[in-house]
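Subject: A two-chain model for you to look at

Hello,

I am passing on the structure we talked about, and my notes follow below it. Please open it alongside the text and follow along as you read.

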Amino acid sequence: MVKKRLIPCLDVAGGRVVKGVRFESLRDVGDPVELAQRYSELGADEIVFLDIVATVEGRGPTLELVERAAESLTVPLTVGGGIAGLEDARSLLRAGADKVAVNRAAVEEPSLLGELAAEFGAQAVVCAVDSRGGELVTHGGRRSRGIDSTVWACRAAELGAGELLVTSIDADGTRSGYDLELTSRIAAAVEVPVIASGGAGEARHLAEAFEAGAEAALVASIVHERPERLGELKVELRAAGWNVRI
Amino acid sequence: MNRPDVVLCDYGAGNLRSVSAAFARAGATTVVSTDPAEVLEAPLAVIAGVGHVESAARGLQQVAAALRERAARERPTLGICVGMQLLFDESEEGGRGLGLLRGPVRRLRARRVPHMGWNSLELRRESVLLEGLDEADVYFAHSYAAEPTNGLAVAEVEHDGRIVAAVEQHALAGVQFHPERSGSAGARVLENVLRWSRNA
C-alpha cells in the first residue's frame, strides 16, 4: 500500500523560511533550499514551499528559488502562494516544481482547477483549503469567503484538484494537534488524498490525522526547531504500526 | 561536439529540469530536444514528465516517428510516468499513445485516486532496470495506469489492487513512478538505465 507521508512545509517570505503562530508574528528560520535538502536527507517524503506573503503583496512566485530547490532535491516539491492563473503554474512547473498549490485564485475562479488539470494532470494540482471554524478563508486567514470548507473541498476535487491541503488556521502553529473533525469530514467526502495541516506537536497528532483519513501530514514548527525530529517522528509512527517510509 | 548520453523529448508541459538534474547526478549528459534526428541518434531517449496524457501526446507528435524508428532499430527508450503510458495504445484519459507496447491505459480503481506517494516495488521477473530494487520505495503520482498484455510487467505495487510499476520489452522500458523524485532508489534506477543503454 502507498505509505503515509510526512511533509515539511517551509513558509517562505522574501526568499527566507519563516514561521509564525496563526500566520502572525513571523520569525526567520533559515534558507529554503538548504532546509529542504536537509529534510530530504532526514526522510521527508515531499517538500512544500508556501510563499505566504505573495497573495497579500500581489507578488509573483519566486522562480529562482524553485529552480535551485528542484535541481538539488530528490523528493517531490510542491509550490504554492500567489499563483494567479495557468501561466504562473506553468512557470513553476517548468522551473521544476512537481505540483502547484492554488488557494485564492481557485476560490475566485474555480474553473482554474479544471484548466490546470487538463494541462498538467490532476496529480500536479493541489488545492489549498484554509479553514477557520469550519469556514473557508483566504489571504492567510484574513478574509472569510462565506462557504463551508467541506463543501468547497468537494467542489475543488470535482473540478480537478488531485490533492487537498487542508489547513486549520485555528490550529496552525499551536502544536496542539490537527483539526481532526475537519480532516475526517473532508477525507470521507472526497476521493483525492488529503494532507492534514496545522497543529502538529507530536507523533500522536500525526497518527490521529492518519486515523481521521489523511494520507499525509504537514509538519512545520515541530521540525523547524530541530530537523532531526522528522526522522524520530517516522520511527515513532512505524513503531505504532503506521506504514511510513523509513 | 560530444554526443549527449540522454535526449529528453520535450513536449511542452514536462518537468524536465528535475529529470535532467537526476541524470546529471547519475553521471550522464543530457539534452532537451524536439529535433527528430537528435532523438533518433542518442544512446538513450527519455519521454518524461508531468502532464495530461492528451496534451503530452499532442506535444510528442514531432518526435513520434523518431521514437518509432528507435524502437525498430532496438535503441533504448525509457518512458517515465505519463511517458510510460505514451508507449502504449489508447488511454481512457483521452488521446493515443505511440502504440509500441500492447495494452490499454485505464483509470485507477482505488479508494484514493490519484495514487500519490511512496510505494514498495514488488519485482515480478528478472529486470535490468530494477536490479537490486525489490521492495524499494519509489514515488508515484498518477490517476491512470497501463494494463500491459502478459509478460511485459517487471514490477507491480499494491494500491487497492495491482498497479504495473515498470515494463520492459527489448529496447523499450517504462516506469510508472518518478525515479527523479524517488531518493536513492530512484538514483539506482537511473544508473541501471544508463548501464542498459550503454550495453545496448
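In chain B, strands S11 and S12 form a hairpin with two residues between the strands, and His170(B) in that hairpin takes a positive phi near 55 degrees. Helices (H or I, at least four residues) and strands (E, at least two) are DSSP runs, numbered from the N terminus. This is a predicted model, in which local features need pLDDT of at least 70 and side-chain atom pairs count only at pLDDT 80 or more, while totals for chains, interfaces and linings use all residues. Residues are numbered from 1 along each chain as its sequence is written, and chains are lettered from A and ligands numbered from 1 in the order in which they are written.

S11(B) and S12(B) pair in the antiparallel sense over four bridges; strands count as paired if DSSP finds at least two bridges between them. Ala166(B) sits opposite Val175(B) of S12(B). Strand S11 (residues 162-169) of chain B is mostly covered, with six of its eight residues buried. Buried here means that 20 or more other C-beta atoms lie within 10 Å of the residue's own (exposed is 12 or fewer, partly exposed is in between), with C-beta atoms placed from the backbone.

On its other side there is a second hairpin to look at. Strand S10 (residues 153-158) of chain B pairs with S11(B) in the antiparallel sense over five bridges, and Val157(B) stands opposite Ile163(B). This hairpin has three residues between the strands, and Asp160(B) takes a positive phi near 55 degrees.

These strands belong to an open sheet of eight strands in chain B, in the order S2-S1-S3-S4-S12-S11-S10-S7, with mixed pairing. Strand S2 (30-33) and strand S7 (122-123) stand at the edges with a single partner strand each, so one side of each is left without a neighbour in the sheet. Strand S4 (residues 77-80) pairs with S12(B) in the parallel sense over four bridges, and Thr77(B) has Leu172(B) as its bridge partner.

Helices pack on this sheet. H1(B) touches strand S1 (6-9), S2, strand S3 (44-47) and S4 of chain B, and its direction makes about 155 degrees with that of S2(B). H5(B) lies across S3, S4 and S12 of chain B, running at about 140 degrees to S3(B). Such angles run from 0 to 180 degrees between N-to-C directions, and axes are lines fitted to C-alpha atoms, for helices over the stretch in contact.

Two residues of chain B are worth a click. Gln176(B) lies in the loop between strand S12 (172-175) and helix H5 (183-199), and counts as buried because 28 C-beta neighbours lie inside 10 Å. Beyond its neighbours within four places in sequence, its contacts include Cys81(B), Phe140(B), Ile163(B) and Ala166(B); a contact means C-beta atoms, placed from the backbone, within 7 Å. Leu190(B), in helix H5 of chain B, has 26 C-beta neighbours inside 10 Å and so counts as buried. Outside four places in sequence, Leu190(B) is in contact with Ala22(B), Phe23(B), Ala26(B) and Pro179(B).

Where do the chains meet? In chain B, 29 residues are in contact with 29 residues of chain A. Helix H1 (16-25), strand S6 (115-120), strand S8 (137-142) and H5 of chain B each supply at least two residues of that side, and S6(B) gives the most, with five.

Now to chain A. In helix H7 (residues 149-159), the buried residues include Ser149(A), Trp152(A), Ala153(A) and Ala156(A). Seen down the axis of H7(A), its buried residues fall within an arc of 160 degrees (taken from the directions from the helix axis to the C-beta atoms), so they line one face of the helix. Gly160(A) follows H7(A) and has a positive phi, near 145 degrees.

Finally, the axes of helix H3 (residues 63-72) and helix H4 (residues 86-95) of chain A come within 8 Å and cross at roughly 30 degrees. That makes H3(A) roughly parallel to H4(A) (angles under 35 degrees count as roughly parallel, over 145 as roughly antiparallel, 65 to 115 as roughly perpendicular and the rest as oblique). Leu63(A), Val66(A), Glu67(A) and Ala70(A) of H3(A) make the contact with Ser91(A), Leu92(A) and Ala95(A) of H4(A).

Happy browsing!

Technical notes:
Two residues are in contact if their C-beta atoms, placed from the backbone, lie within 7 Å.
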